[in-house]
Amino acid sequence: MAMLLSEKQITQLKRRVKETPHPREMILDVLHAIQDANGWISEEGVELAAIILGLSPLQVEEVATFYDKLYRRPVGRKVIHICDSICCWSRGSETLMLRLQQLLGIAPGETTADGMFTLLPTCCLGACAEAPAVRIGKTLYGNVAPEQLEAILDSERAEGQL
Amino acid sequence: MPTLIIDNLTVTVPEGTNILEAARQLGIEIPHFCHHEALGSVGACRLCAVEILAGPVKGIQMSCMVPAKDDMVVDTCSAEVLAYRAQVIEWLMINHPHDCPVCDEGGECQLQDMTVAGGHGIRRYSGPKRTHQNQNLGPFISHEMNRCIQCYRCVRTYQDYCGGTDFGVLGARQRLYFGRFNDGPLESPFAGNLVDVCPTGVFTDKTYRFKSRLWDLQEAPSICPHCSLGCAVIPGARYRELQRRRARTNKRTNGHFICDRGRFGYGYVNHPDRPRHPLVGHRRVTWQEGLAALQNKLQELGELFGAGSIGLLSSSRATLETQFLTKRWATSLGSDQVCFEAHPVRDQGARVAASQPLDRSASLEDVRNCDLAVLIGADPLSEAPMLALALRQAARRGARIVVADPRPVVLPMACERHAVSTDKLARLLRGLSRPQQSALPASLEELGGSLSQALLSARSPVLIGGTDLLGPQGILALLEAAEACSQPEHPCRTMLLLGGPNSFGGALLSADGPGFDSLLEGMEQGRIKALLCFEADPLADFPDRKRIRAALSRLDLLAVFDCAATATVQEADLFFPTTAVEESTGTLINNEGRMQTFEQVLSAGTPIAESAGGSHPPRFFTRDIPGTDPQPAWGTLGALMGRCADLGALRREIEKADARFAGLSLLDANGEGRRIAIPRSRPVALQPAVANAVAPDQLSLLVTETLFGSELLSSLSPCLQEAIPAPFVMLHPQDAMRLKLEEGKKVTLATPLGDLTLILRIQQDMVPGVAIVPRLRGTALESLVPGSEPLPCRIEKA
């Protein structure tokens, strides 16, 4: 379990939890630290977070499963979130989703064979003004046209392989 | 007090009442799911929409979220509202599996009712439904997530009201899931309430699974007999079997909820080993033969040795009617050797407790509304579980909760803890009578003084004590401390935890009569030749088992009237079966002096499930129904005194004979009960407790009640067996380290009563120098009884 985070990170997080009046405020920070180190948050990851935070695993899991940018299953190196909410949908997100599936050869929820991309629909990226929007890894792409997708994926893949 | 118009009817309600509650006062039930009187409103289900025609807000609003205001005009069934509700219920039903025929909730399902009320009859949605994997939530609760309509009542009950941390809401939107992190038993001792609050069949009673529909059940208002709080329950029976218990609402006592001991402790009624026939020796006889044998023997003994040779013992399990007639019968026999509790400390403790001024005695409602609660030698979860829940509600409103106890008292919330050994509780109580300011109390007296100061300045303080640890002297000191901490405008109330559901009644009737120790001396000296036990189990309940066994064996006659196969029943010369609480009517007086009656749910009889051996009911016909011999103890007593069994007449007689029970005959089992009219007088001479000498290298052994397995009747319930812990002993880490013992390992506990092999639990929050064991009936720990002076003991590796 300790392998999920270094001893130093655990000590640091525990200290920050101690300094917070409400440990629950730190749930996201701890979960992000675990996800950054491992790519996703395993069952053991939730249990480790619970120990660091002094909460029950359930209390951590409530938060971990609420946010769709926290991954409770293994994902590729970069997760593609494609918004399917009203603004993006009305401006063609369905076409984007279909094109991405074609380009990657995977269905929503799946990961490419090379372990590079996982394709997920999301309910909002907070980018309604730039609809349709796609997030790949930590980069947000606004006003995406289907024909741009191939180039975007190529550059993301190239960057990911560095 | 706003006055408003709802559906052309005018109603005036207290400030802050929402429209949904205001309509209810007019008898108008607005359809709803998420609103619950105890949990409040969240406006999540969108079903309780009404149209507000005039008022500060107008148009369609959620009635649970809008407070009633003057001059509001509300229409609960305008065309627009009805259409709105029909749509809401239709989308709440989209994912519902429509599995009512195989769902245990059917017939008592709010979703069924609301779907019909909302006018949704034909399903238009034909797409796929979201489905979930269910979890195994332990022996009490079944989980069927597909039926969920996301009202959040379960989480609000489990986490907010009951303080559980292992069950909650996972996911979001369509993926919403109410469950645990992993499969496993729900940890909260109040988990059973999920069954009552869930408006659909997501959480159902596993012990009642696939047994009956509500409309097939015999139900009646009853009282839980598993501790001294007297919570309101509704047991349900069918086929001569008590199949479940659910919570009933009594705002003065339990509120809307009950604990799992109360909910799942019902199985003793159906126990296959329950003795159901009169026995002479171990031979089955008719009632007539049995009673004749009893009367002949009593007459013989009376002629030979005088009426004083007959001792009568009742218990805190017996109803007020039984206790009263026990006393009456003793008088008519001419014996003054009658008492109502086999445990002398509990007896004396209850006698002192019953002498508290009634306006100072706190109900659970008072505890829920207090702003400071100080618990001295009281462990709510073990001794009176619903008190823990009441304290949590107080804490949620900002009350300060202080616990002083030698045990690691667990409460469903954070509290202020002081580990104080049993012998030092008296010093703390002395301090409690002398208010003083001290920021950093250095001694127990100072701690007591500062708590006393806090009690004095609190608005609605409550001082809580347990009879087992404090003993009669301690209870008396606690009552005096409460007096010292009272201001005329805000008195310090007291709540005392007693041994059983009717300890208070026994304490009132016992007056200055003998305790069981004096009866025991009589038996040892040969003065008392006969002991008649009415729902009493002296062999298990008297703290010194060796002594009581020897005394019982000297008797010429031991007659036992009981509804369970107790230790004493095994030794009885004559046995007469009595009814369980659910099988008769009667009255119990709870720990605050509240008289509450209960009604008969079912007639005594061997469950068909048992008499048919789990198969089809027998196809041969007989005139008699098997197992119907048990009679209410008060009925049998009446018969022995040549009376007919008329409960109404008996209650009027009790009222007339004793002014303290005024109003008994007017009690309504569905009501809130009624406090007794006058407290008893303080017992005269209290026997000082004799402390056992503990050598420096020894530990002192403290026996304490525990949630599951201590109380007699619930410990017999098959449904609770899985929850009863394996025998264990608790030690402070200091002692464990000194003795080089490890958590979870087997240890040998050497006591004057013999050596026991137990599992060690290390507990940070208890006092050092003490070994704590729970009372667990039917295990190696059986002979250890709480409420006695700590014994010296030693612990080593097994």
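Student: At about what angle does helix α12 (residues 385-396) of chain B run to β19(B)?

Tutor: Helix α12(B) lies across β18 (372-376), β19, β21 (461-466) and β22 of chain B, where contact means heavy atoms within 4.5 Å and helices (H or I, at least four residues) and strands (E, at least two) are DSSP runs numbered from the N terminus. The model is predicted, so local features need pLDDT of at least 70 and side-chain atom pairs count only at pLDDT 80 or more, while totals for chains, interfaces and linings use all residues, and side-chain values use heavy atoms, with hydrogens and water left out. Residues are numbered from 1 along each chain as its sequence is written, and chains are lettered from A and ligands numbered from 1 in the order in which they are written. With axes as lines fitted to C-alpha atoms (for helices over the stretch in contact) and angles from 0 to 180 degrees between N-to-C directions, α12(B) runs to β19(B) at about 140 degrees.

Student: Which are the edge strands of the open sheet of five strands in chain B?

Tutor: Five strands of chain B lie in the order β20-β19-β18-β21-β22 with parallel pairing, two strands being paired if DSSP finds at least two bridges between them. The edge strands each pair on one side only, and they are β20 and β22 (493-497) of chain B.

Student: Which residue of β20(B) stands opposite D405(B)?

Tutor: Strand β19 (residues 400-405) of chain B is joined to β20(B) by four bridges, and the two run parallel. Opposite D405(B) stands A419(B).

Student: At what distance does the side chain of H226(B) reach the backbone oxygen of G265(B)?

Tutor: H226(B) is in the loop between β11 (222-223) and β12 (232-238) of chain B, and a relative accessible area of 2% makes it buried. Leaving aside neighbours within four places in sequence, its contacts include R245(B), Y266(B) and E711(B). G265(B) is also among them, and its backbone oxygen is reached by the side chain of H226(B) at 3.3 Å.

Student: In β3(A), which residue is the bridge partner of H81(A)?

Tutor: Six of the six residues of strand β1 (residues 78-83) of chain A are buried, so this strand is largely enclosed by the rest of the structure. It pairs in the parallel sense over six bridges with strand β2 (residues 117-122) of chain A, where L120(A) is the bridge partner of H81(A). Three bridges join β1(A) to the antiparallel strand β3 (residues 134-136) of chain A, where the partner of H81(A) is R135(A).

Student: At roughly what angle do the axes of α2(A) and α4(A) cross?

Tutor: I27(A), L28(A) and L31(A) in α2(A) meet Q59(A), V60(A), V63(A) and A64(A) in α4(A). The axes of α2 (residues 27-38) and α4 (residues 57-64) of chain A come within 10 Å and cross at roughly 80 degrees.

Terms used: Buried means under 20% relative accessible area, exposed over 50%, partly exposed in between (1.4 Å probe, protein chains only). A polar contact is a pair of N or O atoms within 3.5 Å; within protein, one must be able to donate a hydrogen and the other to accept it, and residues adjacent in sequence count only if both atoms are side-chain atoms.
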